[in-house]
Amino acid sequence: MKKITNSILWCLLMVIMTQCKQNISLADAEDLNGYWQIEKVEFTDGTVKEFRANPTVDYIFIEGDQGIRKKVRPQFDGTFTTSDSQENITITKEGESLVLIYETDMDRWKENLLALEAEEFRIQNEEGVIYTYKKFEPININN
């Protein structure tokens, strides 16, 4: 009886785990377009750092398998200030994962896209650190 119960629990756990995994296609990557703010960082040692307010926001623009990411500063009138620097993005599929490859004049690195929804996405860097972003809603004090 114990063997049957363990087998049932194991199967149930496997079904739950496969249902939780999101299959993100290359076409879905354009859903990253827009302004995003970091919500939390989950480190490999289990610690979590949450961000309540951010002085900068990430602007992402993807078209096909290419794009850019820029840091921008929201202003109180609903606009943004930015510098000329940006990261070029190439998106590839590696196995079941969608991988974002960032490149600047000085560096190149990869991140795996773990989840992508309308208001949130999660990404994991090469060191195993997971970043959760949420859609940025600009503050406009002129309204």
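A residue counts as buried when its relative accessible area is under 20%. Keep that cut-off in mind for the views below, which come from a predicted model.

**View 1. Asn125, a buried residue in strand S9****.** Let's start with Asn125, which sits in strand S9. Its relative accessibility is 13%, so Asn125 falls under the 20% cut-off and counts as buried. Which residues does Asn125 touch, not counting those up to four places away in sequence? They are Lys110, Glu111 and Tyr131.

**View 2. Tyr102 and Trp109, a stacked pair of rings****.** The whole structure holds six aromatic pairs. In the pair formed by Tyr102 and Trp109, the ring centres are 5.3 Å apart and the planes meet at 15°, so these rings are stacked. Is Tyr102 buried or exposed? With a relative accessible area of 2%, Tyr102 is buried.

**View 3. A cluster of aromatic rings****.** Here you can find Tyr35, Tyr59, Phe80 and Phe136. Ring pairs link these four residues into a cluster.

**View 4. The largest nonpolar core****.** This core has 19 residues. Which of them touch the most other members? Look for Leu32, Leu100, Leu113 and Phe121. At least two core residues come from each of these strands: S1 (34–42), S3 (57–63), S6 (87–94), S7 (97–103), S8 (108–116) and S9 (120–125). In soluble globular proteins, nonpolar side chains tend to be buried together.

**View 5. Leu113 and its contacts****.** Now zoom in on Leu113, one of the core residues that touch the most other members. Setting aside neighbours within four places in sequence, Leu113 is in contact with Ile24, Leu32, Leu98, Leu100, Phe121, Arg122 and Ile123.

**View 6. Residues 9–19, where pLDDT stays under 50****.** In this stretch, the model has zero contacts beyond four places in sequence. Where pLDDT is low, the predicted coordinates should not be read in detail. For the chain as a whole, the mean pLDDT is 86, and 81% of the residues reach 70 or more.

**View 7. Stepping back to the chain.** Among contacts with a separation of 6 or more, 43% join residues 24 or more positions apart. The accessible surface comes to about 9,800 Å², and carbon and sulfur atoms account for 54% of that surface.

Definitions and conventions:
Residues are numbered from 1 along each chain as its sequence is written. This is a predicted model: local features need pLDDT of at least 70, side-chain atom pairs count only at pLDDT 80 or more; totals for chains, interfaces and linings use all residues. Side-chain values use heavy atoms; hydrogens and water are left out. Rings of Phe, Tyr and Trp (its six-membered ring) pair if their centres lie within 6.5 Å; planes under 30 degrees apart count as stacked, over 60 as edge-to-face and the rest as tilted. Buried means under 20% relative accessible area, exposed over 50%, partly exposed in between (1.4 Å probe, protein chains only). A nonpolar core is a set of buried Ala, Val, Leu, Ile, Met, Phe, Trp, Tyr and Cys residues joined through side-chain atoms within 4.5 Å. Helices (H or I, at least four residues) and strands (E, at least two) are DSSP runs, numbered from the N terminus. Contact means heavy atoms within 4.5 Å. pLDDT is the predictor's confidence in each residue, from 0 to 100. Accessible areas come from the Shrake-Rupley method with a 1.4 Å probe; for residues, only the protein chains shown count as cover.
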